[in-house]
Amino acid sequence: MASGRRILVVGGGLGIGQKVTQYLLQHHTAKVVVFGLHVAPELGPLASTGRLHIVQGDATSDAARAQAREAVLEFMGGIDTLVITVGVMGEIQRLGGMSSVKLLQTYSINVFAPMLMCQTFLPELRKTRGDIIILSSTVDKNVKYAGWIQYCSSKAALTRFIQVLAHEESDVKVHGVYPGLTKTTMPAEIIAGKFTGIMTDDEVQKFRNWDKLGEIEPPEWCANAVAKLAARDIPVWTNGVCRYYYEYDPDCRNLRGSAQL
Ligand SMILES: NC(=O)c1ccc[n+]([C@@H]2O[C@H](COP(=O)([O-])OP(=O)(O)OC[C@H]3O[C@@H](n4cnc5c(N)ncnc54)[C@H](OP(=O)(O)O)[C@@H]3O)[C@@H](O)[C@H]2O)c1
């Protein structure tokens with residue numbers, strides 16, 4: 001359980017990433033740098049552990065990524081695990097009505113930011129024979145909804161990136177994680193009916209039913225598995241593969257909800 005690993009959580013200030021950060025600080029001796037746009041107030045008191053450093057910035061910006069690298073080297077002296085939880089749904093819209101600006105933004109956040117974060121930290125991660133953990137989504141190939149072109153296609157690119165990066169790099173392990181449908185800001189607007197007429201009625205109803213039946217998972221389920229992976233508490237034999245979080249952490253298996261996106 002004790003781990004002195006040095007971990008950067010990109011997007012670690014909110015959502016699943018926030019819970020990853022909390023777990024690492026509350027259940028491990030890991031040092032953590034959080035890099036994200038916004039940071040939940042719950043992380044404030046954890047600064048007193050002396051093991052948390054926060055860099056507020058945009059992962060799509062070259063300058064902000066350089067700032068995150070500087071902070072990692074200064075605060076932790078290096079890095080053992082890079083965890084990437086950034087991701088946005090992007091504009092939920094069918095192709096005909098889609099904004100080109102928003103399309104590029106979605107790819108910048110979901111695909112280019114993770115690629116460039118890996119590029120930034122690869123030299124350090126090779127030195128420590130470290131791990132990269134990236135949250136993708138099963139919309140990458142098996143699941144589709146009307147209006148989700150940006151999200152589905154960008155996650156497909158991200159999953160493919162995970163596979164090819166692991167193939168390229170012999171000194172670094174790369175693990176892709178699929179969350180279940182998780183109660184963060186992501187599904188809230190769908191349930192509120194904001195995309196009726198873009199998604200089909202059946203699709204919107206499916207999300208509402210999951211919500212009504214309490215089947216949308218709390219972020220801790222996936223986050224705890226990701227934190228254990230980051231701290232190397234779970235033995236992993238795969239590399240360059242995306243799997244559900246509970247396939248990495250059998251302790252979560254009985255807890256998972258049935259909403260699989
Ligand atoms: N929730 C689900 O049901 C679900 C299902 C499958 C897969 N996933 C994937 O799991 C990951 C985490 O999702 P989540 O539900 O935790 O979403 P979330 O609550 O919206 O969190 C996403 C995180 O990414 C950060 N972020 C977004 N754009 C950023 C940028 N340009 N620079 C830096 N940070 C940025 C967010 O910070 P700000 O909010 O401050 O921008 C936030 O910390 C995503 O990759 C998502 O695609 C989620």
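**Exercise 1. Compare the span of helix α6 with the expected value, and find which residues of α6 are buried and which are exposed.**

Step 1. In this predicted model, α6 is built from 12 residues. The distance from its first C-alpha to its last is 16 Å, close to the 16 Å expected at 1.5 Å a residue.

Step 2. Val-204, Phe-207 and Trp-210 are the buried residues of α6. Viewed down the axis of α6, these buried residues fall within an arc of 120°, so they line one face of the helix.

Step 3. The buried residues of α6 pack against α5. On the other side of α6, the exposed residues are Asp-201, Asp-202, Asn-209 and Lys-212.

Step 4. Just after α6 comes Gly-214, with a positive phi of about 70°.

**Exercise 2. Decide whether Phe-195 is buried or exposed, and list what Phe-195 touches.**

Step 1. Locate the residue: Phe-195 sits in the loop between α5 and α6.

Step 2. Apply the cut-off: a residue is buried if 20 or more other C-beta atoms lie within 10 Å of its own. Phe-195 has 21 C-beta neighbours inside 10 Å and therefore counts as buried.

Step 3. Leaving out residues up to four places away in sequence, Phe-195 touches Ile-92, Gly-147, Ile-190 and Val-204. Val-204 is itself one of the buried residues of α6.

Step 4. From Phe-195 to Asp-62 the C-alpha distance is 33 Å, and the two are 133 residues apart in sequence.

**Exercise 3. Check the length of helix α4, then describe its buried face and what covers it.**

Step 1. Helix α4 runs over residues 149-168 and has 20 residues. At 1.5 Å a residue it should span 28 Å, and its end C-alpha atoms are 28 Å apart, which agrees.

Step 2. The buried residues of α4 are Gln-150, Tyr-151, Ser-154, Lys-155, Leu-158, Thr-159, Phe-161, Ile-162 and Leu-165. They fall within an arc of 155° when seen down the axis of α4, so they line one face of the helix.

Step 3. The cover over these buried residues includes α3 (100-128), β5 (131-135), β6 (173-178) and β7 (241-244). Val-164 and His-167 are exposed on the other side of α4.

**Exercise 4. Describe the shell of residues around the ligand.**

Step 1. The ligand is surrounded by 28 residues, and the closest are Gly-11, Gly-15, Leu-37, His-38 and Gly-87.

Step 2. Sorted by class, the shell holds 14 nonpolar, 13 polar and one charged residues.

Step 3. At least two residues of the shell come from each of α1 (15-27), α3 and α5 (185-191).

How values were computed: Residues are numbered from 1 along each chain as its sequence is written. This is a predicted model: local features need pLDDT of at least 70, side-chain atom pairs count only at pLDDT 80 or more; totals for chains, interfaces and linings use all residues. Helices (H or I, at least four residues) and strands (E, at least two) are DSSP runs, numbered from the N terminus. The expected span of a helix is 1.5 Å times one less than its number of residues. A residue is buried if 20 or more other C-beta atoms lie within 10 Å of its own, exposed if 12 or fewer, and partly exposed in between; C-beta atoms are placed from the backbone. The arc is that of the directions from the helix axis to the C-beta atoms. Two residues are in contact if their C-beta atoms, placed from the backbone, lie within 7 Å. A residue is near a molecule or strand if its C-beta atom, placed from the backbone, lies within 6 Å of it. Ala, Val, Leu, Ile, Met, Phe, Trp, Tyr, Cys and Pro count as nonpolar, Asp, Glu, Lys and Arg as charged, and the others, Gly among them, as polar.
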